[in-house]
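I opened the notebook to look up how two chains of this model meet. The entries follow in the order in which I looked.

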Amino acid sequence: MAKQRAAVLGTGQTHHRSKRTDVSMPGLLREAVDRAMVDADVGWSDIDAVVVGKAPDLFEGVMMPELFLADALGANGKPLLRVHTAGSVGGSTALVAASLVQSGVHRRVLTVAFEKQSESNAMWALSIRVPFTMPVGAGAGGYFAPHVRSYLRRSGAPEHVGAVVAAKDRRNGALNPHAHLRQSDITVDSVRASQMLWDPIRYDETCPSSDGACAMVIGDERAGDDSPAPAWIHATAMRTEPTTFAGRDQVNPQAGKDAATELWRQAGITDPLSQVDTAEIYVPFSWFEPMWLENLGFAADGEGWKLTEAGETALTGRLPVNPSGGVLSSNPIGASGMLRFSEAAKQVMGRAGDYQVDGARTALGHAYGGGSQYFSMWLVGAVKPT
Amino acid sequence: MTEVAVVAFAQAPNVRRTHGTTNGVEMLVPIFDEVYTRTGLSKADIGFWCSGSSDYLAGRAFSFISAVDAIGAFPPIHESHVEMDAAWALYEAWLKIRMGEVDTALVYGFGKSSAGDLRRVLSLQLDPYTVAPLWPDSVSIAALQARLGLESGRWTEKDLAEVAARSRRDATGNPRAQFGGETDVAALLDADPVADPLRRHDIAPVTDGAAVIVLASAERARDLADRPAVIGGIEHRIDTPSLGARDLTTSPSTRLAGEAVGTDGVEVAELHAPFTHQELIVRDELGLGDAVRINPSGGTLTGNPMFSAGLARIGEAAQRILDGEATRTLGHATSGPALQQNLVTVLERG
Amino acid sequence: MPEQPLSAPLDIGFDYTRSVGPVLGRFMTALAQRRVLGVRGSDGRVHVPPVEYDPGTAEPLDELVDVAAEGTVVSWSWTADPLPGQPVQRPFAWALIRLDGADTALLHAVDTGGEPTSVRSGQRVRIRWADEPVGHIRDIAYFVPVTDPPADAAPTAPAPPAATSPEPGTGDDTASVDTVITPVHLNYTHSASLEESRYLRALADGRLLGQRCPACGKVYIPPRGACPTCGVPTTDEVELPDTGIVTTFCIVNVPFLGQRIKPPYVGAYILLDGADIPFLHLVLGCEVSEVRMGMRVRAAWKPRDEWSTTLENIAHFEPTGEADAPYASYAHHL
């Protein structure tokens with residue numbers, strides 16, 4: 001039997017900041033959860049199950065924190081699942097929640113992803129020295145910068161394109177009341193003048209470290225029909241490959257290409273650039289926008305930067321990418337993927353406020369994690385899939 | 001919706017300490033081979049992969065990522081991971097088959113508990129504001145639970161020793177068990193408590209291990225196993241983390257999951273109880289009478305591989321059906337302090 | 001005796017800073033004043049310690065009420081050998097304690113002077129406060145029996161650092177606590193795989209030992225317990241030279257917590273001649289601006305008497321001065 005239709009009924013997120021010292025972890029999650037439940041117009045008795053996602057437990061120093069969060073998540077007496085697929089976890093978590101509905105098991109599922117990075121220090125947690133290894137690690141920036149250099153060499157992209165992405169996403173973020181960084185005055189020149197941190201990645205081309213959470217309520221077809229503006233789930237895909245192997249393409253990973261191919265196939269999309277109205281893509285460092293445009297099939301190999309340079313990914317362009325400001329404006333790691341998925345949903349629900357893309361009917365939500373090896377994505381639409 | 005069946009189960013030997021890495025590859029590679037051989041499947045035939053493991057068990061972030069090396073995950077695979085016992089990974093895989101997205105799935109769990117001080121590591125599961133800063137270890141928490149039952153008359157020390165003796169006796173027939181043997185209840189009760197009121201025999205050992213289960217749609221399962229174990233129901237629930245706010249001698253989450261699944265007619269039950277008294281709680285909440293054979297594998301008390309012990313209970317329960325020894329069995333998994341979270345599945349001959 | 005894999009200690013530790021929010025903040029603030037607060041739940045029960053959301057209804061709770069510093073043992077267990085960080089560092093009891101005025105039990109330690117026979121359910125116990133409370137659950141040092149408490153004070157684990165302290169000199173004991181600090185220090189034994197151990201032992205002899213995957217034929221260094229594309233251990237040993245090329249790299253300009261090398265430095269993927277996979281290492285011996293993709297490099301080994309089972313025996317790689325490798329020769333390694 002085919003999978004059941006499912007739709008996003010409501011979304012919610014916290015105000016993201018470097019340190020949300022005004023709340024505990026339960027309080028942080030509830031800020032997002034309460035907003036999602038209001039947005040979906042549901043109460044606790046409507047929720048059948050809860051799916052939680054976040055990145056490594058070492059970030060908060062709590063082993064399987066969903067256990068102690070059960071009270072705050074209204075989960076007592078209900079099913080609770082905890083997903084962890086590295087940086088893609090926010091997306092994977094949404095997909096597990098969707099599966100609970102698509103399999104016909106539940107009618108309405110609450111899903112929430114979070115990170116409270118200020119409890120510790122992500123650079124520390126990601127650079128813990130494991131015995132017998134070289135202490136070369138320099139956090140996520142140090143990991144990804146060499147691959148950005150490879151992209152530059154391979155594509156011949158002009159050096160300023162990364163700054164174009166950063167300036168666009170930060171200005172978009174200024175339109176988003178929940179964004180951590182809201183920099184309406186940022187320019188391509190000011191980005192290029194910022195400090196080179198992990199050459200070729202500059203300070204302003206780097207995601208912030210944020211506390212934050214994101215939540216969604218996902219419902220079945222009947223719940224979607226009853227909702228004034230649901231975001232229908234048209235396609236979902238996840239793919240994984242190893243971190244390293246001989247001959248691995250680290251710039252344009254096969255797992256990402258395979259996931260995108262599967263996504264477009266499910267949705268009957270043959271020309272993504274024409275058929276998708278807006279995309280929320282996981283771009284923690286500016287250059288990943290053109291890299292993922294190619295990986296996702298919006299542009300041919302080596303050509304992604306041309307879309308960016310031409311302004312086609314700006315809010316008024318042909319494919320607005322990260323109208324919410326994206327990961328470059330807010331990065332509560334475990335929630336960052338779910339933010340991409342929920343921002344895509346908000347666009348087709350017509351609830352994106354000042355960064356609403358005019359006439360958005362079909363939107364992509366994308367997340368990746370690990371060493372560019374975990375990919376999760378969904379395509380949502382304003383119209384119920386046939 | 002599509003019916004789902006277990007078609008193969010394998011587990012690594014339950015041992016106190018392996019020399020392998022915390023990525024589990026040394027334990028996983030041989031048991032993947034075992035289930036491939038048994039089903040005739042190869043990695044390219046697997047539609048979905050899902051695993052359960054813990055970063056805190058390994059002492060570093062992303063330990064599960066290296067485990068995918070054991071799969072040989074290129075070309076890329078459709079894969080997910082839960083930071084839970086792999087019994088919950090099986091639940092996620094069950095969803096994927098049930099919704100028609102794939103028709104086979106391989107589920108695995110692994111953990112090298114010996115890498116750290118397990119009972120101290122597990123204290124990080126407690127409330128990080130008011131409980132974990134005191135470092136109450138998992139054995140002491142269980143001992144508080146055990147005493148409540150002893151003093152309220154729910155069970156006696158002899159009841160607990162009988163659970164241990166039966167487990168050890170049954171483990172002698174399980175070549176993968178960590179230990180086993182004939183023991184005398186009176187002799188067990190002669191031992192001094194190690195975490196009063198718990199004695200050594202009340203506490204599951206520290207175990208390194210791994211387990212794997214292959215699932216298939218019921219239709220596909222007929223080609224892969226002679227007697228597939230069809231999942232008749234699978235449910236899980238959680239209780240409040242507040243230890244002082246609930247009656248620790250009960251497990252409402254187990255009861256709710258059991259009621260949702262329906263446990264009538266179960267012949268064999270594999271219960272994930274790392275402490276003797278917890279077996280009694282689970283058994284009672286599931287309404288399993290004296291006629292039900294409990295933990296013929298020896299159970300968790302003779303091998304407790306963290307993050308795969310729950311999956312292994314489901315595997316053992318399924319194996320009775322795969323072997324033609326039973327027609328309706330039950331697998332149970334638990335997670336969190338003092339039986340906080342519980343999963344129950346009933347398996348049936350197809 | 002078969003060869004054993006190498007292992008070494010892996011110690012992780014961080015002092016986590018936990019913002020506690022308004023409800024727990026009032027609880028912590030009261031502890032600093034040697035008072036205990038509970039919170040009234042949706043069903044009227046008073047929870048101690050307070051919970052922010054009701055376990056039954058998930059409603060936010062904020063009605064805090066004073067409870068006593070004395071209560072009754074509901075259950076207990078005995079710890080003969082306290083673990084690091086536990087409240088009492090001599091034999092003690094863990095106990096669920098219902099404070100007078102509370103409906104739920106608090107988990108904490110009871111010191112009976114090391115005597116297991118001096119604790120029982122139903123026993124009356126009272127708080128022994130820390131000498132200098134800071135607004136933390138550890139301000140309750142432990143509990144002692146109301147009747148016949150031990151004559152001597154129990155040895156305790158070190159107090160957690162204070163996150164916020166009242167203004168010095170003001171004597172202000174009403175400053176509110178919004179953050180607690182919780183040190184988490186754990187000790188592990190990390191093991192290398194058998195294949196990696198052979199490579200590490202060869203490194204101690206100054207040799208670079210790779211292995212070929214028996215299925216795909218690719219040469220891996222370090223060797224793998226499972227070839228990432230084939231899922232089988234690598235086997236045939238291949239000794240590799242200490243020369244190769246930089247495939248790609250970054251220049252680290254940013255200092256960070258735990259960093260071991262002073263920036264700026266180059267972190268580069270080094271592809272040894274004859275290997276099919278690059279590894280990360282350092283490139284020194286030239287200006288960072290001179291490092292190029294395709295640059296030929298050679299290992300700069302530390303003095304032999306500093307060698308052990310680690311790739312750190314190679315201090316860094318440095319340019320050989322040979323002509324760069326053509327891009328096409330390594331493009332498939334990026």
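How many residue pairs are in polar contact across the interface of chain C and chain A? I found 22 residue pairs, both residues at pLDDT 80 or more; a polar contact is a pair of N or O atoms within 3.5 Å, where within protein one must be able to donate a hydrogen and the other to accept it, and residues adjacent in sequence count only if both atoms are side-chain atoms.

I noted the ground rules: this is a predicted model, local features need pLDDT of at least 70, side-chain atom pairs count only at pLDDT 80 or more, and totals for chains, interfaces and linings use all residues. Residues are numbered from 1 along each chain as its sequence is written, chains are lettered from A in the order in which they are written, and side-chain values use heavy atoms, with hydrogens and water left out.

I looked up the extent next. Chain C puts 64 residues into the contact and chain A 61, with contact meaning heavy atoms within 4.5 Å. About 5000 Å² is buried between them, 62% of it from carbon and sulfur atoms; this is the accessible area (1.4 Å probe) that two parts lose on being put together, summed over both.

I then checked for salt bridges (a side-chain nitrogen of Lys or Arg within 4 Å of a carboxyl oxygen of Asp or Glu). I found one between chain C and chain A. Arg18(C) and Glu119(A) form a salt bridge through their side chains, at 2.6 Å from N to O.
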